Amino acid sequence: MRAIIAERIRTGEYKPGERIPSLVDLIEEFGIANATGQKVMRALRADGLIRTEPGMGSFVTTPEERQAAEDLRLKD
């Protein structure tokens with residue numbers, strides 16, 4: 001699931017700033033457990049591909065947000 005969502009982001013199916021489907025929708029689409037879906041979302045956040053806003057959902061990061069996150073990782 002992680003690779004598929006990352007590919008959708010890379011190809012522009014999910015565009016920067018756009019909300020991605022909810023965890024519930026992704027669980028239904030891929031037929032996975034809730035815990036697995038949560039792990040995938042954490043991995044996508046850790047990769048800097050999405051950001052999550054409580055109560056709003058998860059959004060594809062912009063190239064600038066990805067660069068800023070990468071810069072912070074390099075400083076650590």
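Start with H1 and H3. Their axes come within 10 Å and cross at roughly 45 degrees. Axes here are lines fitted to C-alpha atoms, for helices over the stretch in contact, with angles from 0 to 180 degrees between N-to-C directions. That angle makes H1 oblique to H3; under 35 degrees would be roughly parallel, over 145 roughly antiparallel, 65 to 115 roughly perpendicular, and the rest is oblique. H1 passes H3 in a right-handed crossing, meaning the near helix is turned clockwise from the far one by less than a right angle.

Who meets whom? On the H1 side, Arg-2, Ile-5 and Ala-6; on the H3 side, Val-40, Ala-43 and Leu-44. By class, that contact has 5 nonpolar residues, no polar and 1 charged. Nonpolar covers Ala, Val, Leu, Ile, Met, Phe, Trp, Tyr, Cys and Pro; charged is Asp, Glu, Lys and Arg; the others, Gly among them, are polar.

Some ground rules. This is a predicted model: local features need pLDDT of at least 70, side-chain atom pairs count only at pLDDT 80 or more, and totals for chains, interfaces and linings use all residues. Residues are numbered from 1 along each chain as its sequence is written, and side-chain values use heavy atoms, with hydrogens and water left out. Helices are DSSP runs of H or I, at least four residues, numbered from the N terminus. Contact means heavy atoms within 4.5 Å.

Next pair: H2 and H3. Their axes also come within 10 Å, crossing at roughly 115 degrees. Leu-23, Leu-26 and Ile-27 of H2 contact Asn-34, Gly-37, Gln-38 and Met-41 of H3.

Now the core. The largest nonpolar core has 13 residues; Ile-5, Ile-9, Tyr-14, Ile-20, Met-41, Leu-44 and Ile-50 touch the most other members. Helices H1 (2-11) and H3 (34-46) are the elements giving two or more residues to this core. A core is a set of buried Ala, Val, Leu, Ile, Met, Phe, Trp, Tyr and Cys residues joined through side-chain atoms within 4.5 Å.

Look at Ile-20. It sits in the loop between H1 and H2 (23-30). Buried or exposed? Ile-20 counts as buried, at 2% relative accessibility; buried is under 20%, exposed over 50%, partly exposed in between, using a 1.4 Å probe and protein chains only. Beyond four places in sequence, Ile-20 contacts Tyr-14, Met-41, Ile-50, Ser-58 and Val-60.

Last, Arg-8, in H1. Arg-8 is buried too, at 14%.
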